[in-house]
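Morning, everyone. One chain today, and a quick walk through it. Please have a look at the screen.

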Amino acid sequence: MDFWEHALVETAARYSVAVLCAVLFLAIFEVVTKYNNWEHIKKGNFSVAMATGGKIFGISNIFRYSIQHNDSLLEMIGWGFFGFVLLLFGYFIFEFLTPSFRIDDEIEQDNRAVGFISMVISVGLSFVIGANIN
């Protein structure tokens with residue numbers, strides 16, 4: 001058996017790539033939100049923690065499906081990236097569907113109802129996105 005085809009090596013490679021992609025994708029989410037996620041979490045803003053936790057779960061869940069349905073590392077990354085773009089699109093749709101208030105402002109002000117809905121949207125969409133990954 002080739003070293004690169006060993007199950008432990010493949011697992012470590014997929015894990016490493018998924019973690020690096022998650023860090024990159026969270027950085028992108030940080031750019032599109034008007035508040036600093038980690039600064040607000042440090043201050044105890046539970047709404048930001050829920051929204052960010054939902055994004056982390058969503059990204060991880062998309063990669064779970066991508067790993068499960070793709071043999072190559074490159075395909076896994078491609079589907080993971082595509083799934084992230086759809087998750088990001090879902091974030092913008094949520095903002096668009098609430099014209100009476102700004103989601104980012106409400107989460108920044110620790111509106112836990114909005115933070116919870118944001119978390120559930122990220123988690124829910126990740127299952128829908130994941131179910132469509134080939």
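Where is the place of Phe96? Phe96 sits in helix 4. Keep that helix in mind; we will come back to it.

A caution before going on: this is a predicted model.

Overall picture, then. The chain has six helices and zero strands. Read from the N terminus, the elements go α-α-α-α-α-α. The C-alpha trace spans about 60 × 30 × 20 Å along its principal axes. There are 134 residues, and buried ones make up 38% of them.

Now the record. An unreviewed UniProt entry lists "transmembrane region" for residues 12-32, 44-64, 76-94 and 114-133. Take two of those. Residues 76-94 are 100% helix and 0% strand, with the end C-alpha atoms 27 Å apart. Residues 114-133 come out at 90% helix and 0% strand. Their end C-alpha atoms lie 28 Å apart.

Back to helix 4, which covers residues 73-96. Start with Phe96. Is Phe96 buried or exposed? Exposed, because its relative accessible area is 67%, and the cut-off is over 50%. Phe96 also belongs to a nonpolar surface patch, along with Phe89, Ile93 and Leu97. Together they have about 480 Å² of accessible area.

Next, Glu75, also placed in helix 4. Glu75 has 41% relative accessibility, so it counts as partly exposed. Which residues form the negative surface patch? Glu75 is one of them, and the others are Asp2, Glu5, Glu10 and Asp71.

To recap: helix 4 holds Phe96, a member of the nonpolar patch. Helix 4 also holds Glu75, a member of the negative patch.

Terms used. Residues numbered from 1 in each chain as written. Predicted model: local features only at pLDDT ≥ 70, side-chain atom pairs only at ≥ 80, totals over all residues. Heavy atoms only, no water. Patch = residues over 30% accessible without salt bridge, like charges linked within 9 Å, V, L, I, M, F, W, Y side chains within 5 Å. Areas by Shrake-Rupley, 256 points an atom, 1.4 Å probe, with all protein chains shown as cover. Salt bridge = Lys/Arg side-chain N within 4 Å of Asp/Glu carboxyl O. Lys, Arg positive; Asp, Glu negative; His and termini not counted. Charge placed at Lys NZ, Arg CZ, Asp CG, Glu CD. Helix = DSSP H or I, 4+ residues; strand = E, 2+ residues; numbered from the N terminus. Buried < 20%, exposed > 50% of the residue type's maximum accessible area, 1.4 Å probe, protein only. UniProt positions renumbered as here; feature names shortened; annotations may be inferred.
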